[in-house]
Amino acid sequence: MLESVKIARRQSEIRQTLAELAGKETPSEDEIRQMDELDREYRSNETRYRAALIAEDTERRDAGDELETRSAQEWADLMAGFEMRQVALALDEGRQLDGQTAEIVSELRSAGGFRGIPVPWQALEARAGETIASGTPNPVQTRPIIDRLFPDSVAARMGAQMISIDAGAVEWPVTTSAVTAGWADGETANVAGPTVYATTDRAMSPDHNLGIQMRITRKTLKQSGAAIEQAVRRDMSGAMGAAMDQATFLGTGANGQPLGVITGAGTYGITSTAVDALAEWAAFRAGVTRFMTANAANAPGQVRALLRPELWDYMEGKQSILPDLSEWDRLLKNIPAANIAMTSNALEEPSGSPLATSSLLTTSAGGVAPIFIGAWGAVDMIRDPYSDAQSGGLRITALATMDVTVAREAQLELLTGLELEAA
């Protein structure tokens, strides 16, 4: 292990110990002496850390990518130590935050804009088997990504990227032109002239606030102990994931909701194809072909599909023209099962006569996600001290500011009128 890494870890331990000692109103003489010693060691380690970085310059160049991503890995390790249980107890009993949780909350508070205790989005991630993304988004203006915040959400499975925004409205210039080359027609002829390189700004603004209320009884606070950590994180993540999925695709753009991809297909310029026929693989094949013709995808396996369970039920039971294959089997032969998201939350129920439903196709072109979901700051945890005062419970409200936009409309296509019964 590099010496600088050892020093950095020791610095983190010192900060944690100092945070615990500094939280005491009347420290003893031994504790004051310990704080002085830790303070001197911390300043000395800063000098040693800089010297170690200089000495390890050769090793850094040899290590390459691994060392280049160290800051991201250290940030992920720091977030892994964030405890939701401390937040709940701080709101309920006024208990002092400590350790990495206190350090992260202090850092978030420096950005301002929080009435309660700020909770980072990364704290809602699933802690088991999580992975840290080493890639960056591909728009002209690169922004930090909250990668797979809700790994089981429909939006994540459809290729959407959650992007962290500090403050203000943000735009992403996305290339929308097709620059072409041309041959010179003869020995002295000129090649093709310059083609306009066009971009389109995809803007997101902090106009949409999502609120979630959680009620924690006094018995839970006193009895559950560390178990409340996973319970709060799991319930909050599930509720926010469901609300985010619905808003991403079916948001009305009114009453505080962002404009969803399906509801706002016309506004975003997304191609909407009316199939108006029985749901078969041929309808999806035509959509995939349009993606490949527009150079948005190179193969059917790069396309993702959003379906209702009723559509799967119909296609699975419909015999295709090929022997021993249903229409669903034909779809799976071209679009991998991992690229198919079935939901009853992000698509409207089948309706009309004959009964028909819709489906959304997306693809990631050039590394650019088809959908951007912006999250401003952190989740603001605010306590309601009155609603459950008589029972001694804790009621907290989690506020999150989010917005939705698309990258290039050529990366999405909406299929409507997929009939589930004969006319």
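Trainee: At roughly what angle do the axes of helix α1 and helix α2 cross?

Mentor: Keep in mind that this is a predicted model. Helix α1 covers residues 3–22 and helix α2 covers residues 29–55. Their axes come within 9 Å, and the crossing angle is roughly 155°.

Trainee: So are α1 and α2 roughly parallel or roughly antiparallel?

Mentor: Angles over 145 degrees count as roughly antiparallel, and this pair crosses at roughly 155°. The handedness of the crossing is left-handed. By the angle, α1 and α2 are therefore roughly antiparallel.

Trainee: How many nonpolar residues does the contact of α1 with α2 have?

Mentor: On the α1 side, the contact includes Ile7, Ile14, Leu18 and Leu21. Across from α1, α2 brings in residues including Met35, Leu38, Tyr42 and Leu53. By class, the contact has 7 charged residues, 5 polar ones and, to get to your number, 12 nonpolar.

Trainee: Now for the side chain. Is glutamate 421 buried, partly exposed or exposed?

Mentor: Glutamate 421 sits in the segment after β13 (412–419). Buried would need under 20% relative accessible area and exposed over 50%. Glutamate 421 has 38%, so the label is partly exposed.

Trainee: Which backbone nitrogen does the side chain of glutamate 421 reach?

Mentor: Leaving out residues up to four places away in sequence, glutamate 421 touches Leu278, Pro354 and Leu355. The C-alpha atoms of glutamate 421 and leucine 355 are separated by 6.1 Å, though the two are 66 residues apart along the chain. At 2.9 Å, the side chain reaches the backbone nitrogen of leucine 355.

Definitions and conventions: Residues numbered from 1 in each chain as written. Predicted model: local features only at pLDDT ≥ 70, side-chain atom pairs only at ≥ 80, totals over all residues. Heavy atoms only, no water. Helix = DSSP H or I, 4+ residues; strand = E, 2+ residues; numbered from the N terminus. Buried < 20%, exposed > 50% of the residue type's maximum accessible area, 1.4 Å probe, protein only. Contact = heavy atoms within 4.5 Å. Polar contact = N/O pair within 3.5 Å; in protein donor to acceptor, adjacent residues only side chain to side chain. Axes fitted to C-alpha atoms, helices over the stretch in contact; angles between N-to-C directions. Parallel < 35°, antiparallel > 145°, perpendicular 65-115°, else oblique. Left-handed = near helix turned anticlockwise from the far one by under 90°. Nonpolar A, V, L, I, M, F, W, Y, C, P; charged D, E, K, R; others polar.
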